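Dear colleague,

My notes on what was found in it follow after that.

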Amino acid sequence: MTKGVEGSPVFVSCNQFDSERSTDIYADGVLVRNAYKIYGVGRNRCAILDGLHMTVKKGTIYGLLGASGCGKTTLLSCLIGRRRLNSGDILVFGHEPGSEESGIPGRRVGYMPQELALHGYFTIKETLHYFGRIYNLKAEFIDAQLEFLSKLLDLPPGDRYVKTLSGGQQRRVSFAVALFHEPELLILDEPTVGVDPLLRQSIWNHLVRLSVDHERTVIVTTHYIEEARQANTIGMMRSGRLLAEDSPENLLHSYALRSLEDVFLQLCMKDYSNAEVVNNHENASEVSLEDQQLSGGIDNVGFEPSASQLDISGTPIPRQRNKMTCTLPSLPSDCVSKVVLNQGPGITFMTNARPKEIGLELSDRRTNRNRNSTFFCRHRLGALIQKNFLQMFRNVGLFLFVFLLPANQVILSCLCIGGDLSFLKLAIVNDELDPSQGRVCNYTTTCTYSMFSCRYLRFIENTTIIQVPFQSVAEALDATKRGKVWGVVHFGKDFTDELVVRQADGNYADNETIRASRVAITLDESNQQISLTIKRQLIDAFSDFSKDILAACSYQPMAQSIPVTFLDPIYGERKPSFTEYVTPGVILGIIYFLSVALTSAVFLTERKSGLHDRSIVAGVQMTEYMMAHLVNQLILLLGQTFFVYLFALIVFNTACHGNLALVIFITLLQGLCGMSFGLLVSALCDEETSAIQITLGTNYTNIIMSGMLWPTEAMPTYVRYLAHLMPQTYAMQALRNILGRGWGIGHPKVYMGVVTSLCWIFGLVCLSLIVVRVRKYTG
Ligand SMILES: Nc1ncnc2c1ncn2[C@@H]1O[C@H](COP(=O)(O)OP(=O)(O)OP(=O)(O)O)[C@@H](O)[C@H]1O
């Protein structure tokens, strides 16, 4: 158990293991042997760590120096277990990082990454309290540390938001986070950038105190070479290798130089010229070999690259070189030893020898990664959930927008989609009207056969269609072409008389009578919904008109109607509303989309800012991370779902004939499905822009193919099969069937919605975990 500043126990143990771990501490602090790390895949593969050895003694400060891009951060990320080596060994306190026994990631390590890795919306105090809860520190200890570190690092007041601090102040808060729990190993990636010289000195003094008085081990990278004089050991790194590793005094003495900067320069020049020699030698060998081959000489023996330079498929891996380019041809690994061994006296030589040859059997220390790791720890889960809520509510405006967005979308969809069309202008050209009488439309409601045109027009609903009188068909057609009206309704001069004759003649009516008795309609059919509405209105109006006359003349009103009769529907209304069709799709669509967007945004932003890595290094398990997000997102989802159905069912009277609990369950499943996809997106993408593109692209595909806007029955057969593979298709159908038909979970068209949602959730989560794992090796 780690002791606090005043010697009191500061950690509340999460599991039994913590109290036992410290009894088995390997003598050396950190050992790295023959480390190879390769970034990228295929032609982009590039060796960043190139057979690197490093030895950090426990209780010392190790200064890792090197030019930008030489692989320092990569090495540190392997030490803390955030990246895996492609080959080679790392032991931290005698165990492989990432194993339960090493305690790393976890409390034993304090990590300050290069990026800020803090939440801008948190205050300094909230930031430190968050990590305090992650480490399960006692409240008194947290307060004591807050005070102590504020003084040491000259931090601004604790209630200041991190985003309002200057760059230097933010880095000091980041430094404070790394020191906060007094870890045994401190890994600091350029902690003194943006810090004034006085404060820099006090930071180094503190590091020295930690190493001397408290036996803490510190690995620190810096660009300020001279400040590293205060380190016990300096590792000078170039092109993924250590050129030298020794105390500052020995380095200066060996090279008879005054500054470490000069020593580093000399080592780099030596390395450069040696690499050139080897390169020239290699080229010369290639030429002579080619010559030999051309002249039918010897076989190409002994020029194969070493195993470490080959990927599984046998493709040579370019190694980073002096100018940090990955396009140069690689050196055989034995050349690396030649280059490094050719150095001044007194320096610890970096050889390519296997660990066993230098007296270490690292494999004995290998342990199963996270074999016994705690799946969930209450304090960490609590800290994460609290952080997520804090994050959520800090920006109240944004929170309310997101919270109410689904309900807002449902309101808009109920108001805007599927309603009855109104005020459609239609040109009426009525030649039955007498110009000498002022073309006045007079009609009676008795059994009189006159002015049928006017009597018919009376039955057209004037909220749906606005009748615009025109003098001639030509004028009316012109107005239609110019988009002033949606079509022309024309009555011939003798419309009433001819209609009466047509009724009287029945089957014997001649063509002229039929032509003169028709209501001739020419429509602008460019808008399907509008022309369908007009057609339906005009036909319904004629049916009502016929019934009116028949009734007035004491005939059976239904005698003239077509003998196709629609009886009461089994499900739904006689006049079904498109809104009822669209609403379930809109609900699931927006819930799914928001879940994808929020999850990918949260995970990606935290990963990019480094906060995710920092939390993981502090000991947070990926399962806890996901569970905390799940809890927050589910609470948000429940609230959103409540408001969505409140508006859809109560305010807009959308029918719900089935089990509302089942409706809510499917909605939540779709939210989870969206979260799982968001997880995959965040695992795949490095940038927000690519995440947005994937999210939007897949969302539009979903909208179009899942039957949200139009029934899947309208799709070509093969597209229909594809449509049913989409995550939302069955779920939407299930929701419609519950709401509109009242079907229960026992019906295949309902349980398929549940089953496919569960399958998608499972598949997407598995895929995300695979991607995360693969990227740990390749990125
Ligand atoms: N995820 C990645 N995928 C591909 N290449 C990467 C990745 N991360 C880093 N690199 C490359 O690896 C090389 C080493 O990067 P690294 O961050 O370890 O360097 P560094 O020594 O810490 O540099 P600096 O001092 O500037 O921080 C660089 O060329 C960098 O572009």
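**The sheet and its helix**

Strand β12 (residues 487-491) runs antiparallel to β13, and the two are joined by five bridges. Within this pairing, His490 stands opposite Ala520 of β13. Helix α13 (residues 473-481) packs on the sheet, where it touches β10 (424-430), β12 and β13, and its direction makes about 165° with that of β12. Please keep in mind throughout that this is a predicted model.

The sheet itself is open and has four strands in the order β11-β10-β12-β13, with mixed pairing. Its edge strands are β11 (465-469) and β13 (519-523), each of which pairs on one side only. From one strand to the next, the twist averages 25°.

**Domains**

The protein chain is divided into three parts: domain 1 (1-108 + 183-277 + 309-367), domain 2 (378-414 + 578-778) and domain 3 (424-560). Taken over C-alpha atoms, the centres of domain 2 and domain 3 are separated by 52 Å.

In an unreviewed entry, UniProt gives the annotation "domain: ABC transporter" to residues 30-264. Over residues 30-264 the model is 33% helix and 26% strand, with the end C-alpha atoms 23 Å apart.

The annotation "transmembrane region", again from an unreviewed UniProt entry, covers residues 396-418, 581-604, 630-652, 659-681 and 750-772. Two of these spans can be described further from the model. Residues 581-604 are 100% helix and 0% strand, and the C-alpha atoms at the ends of this span lie 35 Å apart. Residues 630-652 are 96% helix and 0% strand, with 31 Å between the end C-alpha atoms.

**Around the ligand**

Which residues come nearest to the ligand? Of the 14 residues around the ligand, these are Tyr39, Ser68, Lys72, Thr73 and Thr74. Helix α2 (residues 72-79) gives the most to this shell, with three residues. Sorted by class, the shell around the ligand holds four nonpolar residues, nine polar residues and one charged residue.

With best wishes

How values were computed. Residues are numbered from 1 along each chain as its sequence is written. This is a predicted model: local features need pLDDT of at least 70, side-chain atom pairs count only at pLDDT 80 or more; totals for chains, interfaces and linings use all residues. A residue is near a molecule or strand if its C-beta atom, placed from the backbone, lies within 6 Å of it. Ala, Val, Leu, Ile, Met, Phe, Trp, Tyr, Cys and Pro count as nonpolar, Asp, Glu, Lys and Arg as charged, and the others, Gly among them, as polar. UniProt positions are given in the numbering used here, feature names are shortened, and annotations may be inferred rather than shown by experiment. Domain bounds come from an automatic or database domain assignment. Two strands pair if DSSP finds at least two bridges between them. Axes are lines fitted to C-alpha atoms, for helices over the stretch in contact, and angles run from 0 to 180 degrees between N-to-C directions. Two residues are in contact if their C-beta atoms, placed from the backbone, lie within 7 Å.
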